[in-house]
Each structure stands twice: as structure tokens, then as C-alpha cells.
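Student: I am new to this structure. Could we go through the terms used for it and test each one against its definition?

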Amino acid sequence: LSCAQAMADSPLVTARRSRRRGAEERAGHENSPPAPQVSQAASSKLWADGAHTPCDLAKEPAKKVLELAETTLTAEELAAVRMQRSARTAAQQAAKEAAGEELVKAGRRFSEVLRRRRSTAKQAARAAAEAALRSVRHRDPRTDASTIVSAQLEADLAELGSEEQAAYLEALGMDAKECLELGLSHRVLPTMVRQLLGLDLVYTGPGVPRENTETVKAHLVRRGSLTAEGLAGRLHGDILRGFVCAEVAPAATLLQHASYSRAKDAGCVRTEGRGYVLAPSDVVLVKWR
């Protein structure tokens, strides 16, 4: 017995056993089924969850990794993830809409407060202007005309560009377009002078290029005193002698069309004779030979 034990523990027998064991293990690996592969999507999902890292997956047996991947990527869980994302997106959208509605309401409240303040400021300014006009001596309100000019306002506007002027006037509660077109002194005062003197403006030369004629101009005429023939005499003696007729259209109507010819096509231009008395803001084209 001791001899058999000695032979079993000998180096030669031990080496033979090791070689046999290694051969059996190699044969077993060759006959075993291939290790299951984990897709890149499964690995990415596992890593994103934070429960596993690439190093952890490398250490896990292939079967365990496959089980984790199948468990993570089941249809139920994917549907749950999608539902969570949809719910989160819907909640974010609802929060944005609620914030937008609150912002709109706040803007409306601010606009209403600003409108009230502007209205109060306008009433105060109008009252001050009326008080200033009443303080003017030797004034007949039935025949005289007067206006208030803010020199400081017009000086400020002169230093601004067109867009800045509109924004500045709107910030003061004024209609920018009306003020810039009609409310400034260089537009109001000449109109008042014409009205006090009984003068009107008429225009000649519509549809004629300015560089081809000297008749495209505005004329100051005494109200109700000038006929189409008299206007032709103002332009030139030859035009007066060869007068045939006058094509007439109101300036406001003519400005609604792209050109004089289109206004004629639309029936806005009428034909008048020698004795036609010119009306304020008439645009006249004298036909002569």
C-alpha cells in the first residue's frame, strides 16, 4: 500500500494526470455550444442603466449576460420606458404652455396699466394746452387758428432714426404714424397758414416723368378762384392757346393706384372742360395741341 501511494505521488504520475486533465477540458470546450453574443444595443442599455459596466460584463459568464440583456430589453419594459418619456414630455409641454399663458396674462395686465397711464397723461397734456391757449391775449377763437409745438420733443426726434422715432413716440403713448405724417410743426404750421389765407394745393403733370417736363409740381391757388383754363395759362402760354381738355382726379384717390394709367383704367380719372373750377388736392393733366 505504501508503495502504491508512493508511485501515485511520484512526479511522473502527477504530470500524466495533469496532461490527461488538460486534454479532457479542451475536448469539453470544443464540444460545447458557442457562447451567446450580446448585441451592442443590449450592452449600451445595460451600461446606461448604471448597474453594469463593460468590465462587469466581461467578468460575467456569457449565459448571465444574455439573461440580463433579455430581461432589460423586454417589450414590456421598453413600452414602460416609452410611456415614461411620453409622460415626461407631456408634463414639460404643459408646464411651458402654463408659463406662456401666465406671461401673456402678465403682458395684458401691463399693457392695460400702461394704456391707463398714457390716457391720463394725454388728458393732462390736453388740459395744459387748452389752458395755455386761453391765456393768449388778443385772440379770436372763431377766426384764429393755434397749435401747441413741443420744441423739446421735435429736437429729440430730429436726433433719432425713423424706426427709433416710431418707438419713441409709441413709448409716449402717441400714434407714431399720425404724429410723424401730420403732427409735427413743419407739417402742421404750413397747413394752418393755407387754411387761414384761404389757399388750396393742386397738382399738375401726373403720369409724366419728372425729368421730361417742368409741369410736375404743386400750385398754391386761392380757393374756388382758378379754372382748368387758368391753370393751363399758369403752366405756359402755348398750353393755354392749345387747351383741349383737362383730366382730373383727387390726389387721395390717385394714390390708391400703382400708376396714373391704372387709375384711368379703374375709372378714377374724369375729363373736364375749360370752365371747371379746381377743387382742393385736384391732380390735373392738361391736354393741348
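Tutor: Start with a pair of charged side chains. In this predicted model, the side chains of E272 and R270 meet in a salt bridge, 2.8 Å from N to O.

Student: Why is the contact of E272 and R270 called a salt bridge?

Tutor: The cut-off is 4 Å between a side-chain nitrogen of Lys or Arg and a carboxyl oxygen of Asp or Glu. The N to O distance here is 2.8 Å, within 4 Å, so the pair is a salt bridge.

Student: Is R270 buried or exposed, or partly exposed?

Tutor: R270 has 33% relative accessibility. Buried means under 20% and exposed means over 50%. The value falls in between, so R270 counts as partly exposed.

Student: How many salt bridges does the structure hold?

Tutor: The structure holds 6 salt bridges. One of them joins the side chains of E247 and K264, at 3.2 Å from N to O. That pair links distant parts of the chain. E247 is in strand 3 (residues 243-250), K264 is in helix 14 (residues 260-265), and they are 17 residues apart.

Student: What makes E247 buried?

Tutor: Its relative accessible area is 10%. Buried means under 20%, so E247 is buried. K264 has 38% relative accessibility and therefore counts as partly exposed.

Student: Which residues join E247 in a network?

Tutor: K264 and K287. Salt bridges that share partners join E247, K264 and K287 into one network.

Student: What separates R241 and D238 along their helix?

Tutor: About one helical turn, because they are 3 residues apart in helix 12 (residues 237-241).

Student: Why is R241 called exposed, but D238 partly exposed?

Tutor: R241 has 62% relative accessibility, which is over 50%, so R241 counts as exposed. D238 has 35%. That lies between 20% and 50%, so D238 counts as partly exposed.

Student: Now the sheet. In what order do its strands come?

Tutor: The order is 2-1-5-3-4, in an open sheet of 5 strands with mixed pairing.

Student: What makes strand 2 and strand 4 edge strands?

Tutor: Strand 2 (217-222) and strand 4 (270-272) each have a single partner strand, so one side of each is left without a neighbour in the sheet. The twist averages 35° from one strand to the next.

Student: How do you know that strand 1 and strand 2 pair?

Tutor: Pairing needs at least two bridges. Strand 1 (residues 199-204) is joined to strand 2 by 6 bridges, so the two strands pair. They run antiparallel. L201 is bridged to L220 in strand 2.

Student: Which helices lie on these strands?

Tutor: Among them are helix 10 and helix 11. Helix 10 lies across strand 1 and strand 2, at about 110° to strand 1. Helix 11 (residues 228-235) packs on the sheet and touches strand 1, strand 2, strand 3 and strand 5 (282-288). The direction of helix 11 makes about 125° with that of strand 2.

Student: What forms the nonpolar patch on the surface?

Tutor: V193, L196 and L197, with about 270 Å² of accessible area together. L196 lies in helix 10 (residues 185-197). A patch residue needs over 30% relative accessible area. L196 has 49%, so L196 passes that cut-off.

Student: Why is Q165 called buried?

Tutor: Q165 has a relative accessible area of 17%, under the 20% limit, so Q165 is buried. Q165 is in helix 8 (residues 162-171). Q165 touches L157, A158, L160 and L180, again leaving aside residues up to four places away in sequence.

Student: How much of the protein counts as buried?

Tutor: Of its 289 residues, 19% count as buried. The protein has 14 helices and 5 strands.

Key:
Residues numbered from 1 in each chain as written. Predicted model: local features only at pLDDT ≥ 70, side-chain atom pairs only at ≥ 80, totals over all residues. Heavy atoms only, no water. Patch = residues over 30% accessible without salt bridge, like charges linked within 9 Å, V, L, I, M, F, W, Y side chains within 5 Å. Areas by Shrake-Rupley, 256 points an atom, 1.4 Å probe, with all protein chains shown as cover. Helix = DSSP H or I, 4+ residues; strand = E, 2+ residues; numbered from the N terminus. Buried < 20%, exposed > 50% of the residue type's maximum accessible area, 1.4 Å probe, protein only. Axes fitted to C-alpha atoms, helices over the stretch in contact; angles between N-to-C directions. Contact = heavy atoms within 4.5 Å.
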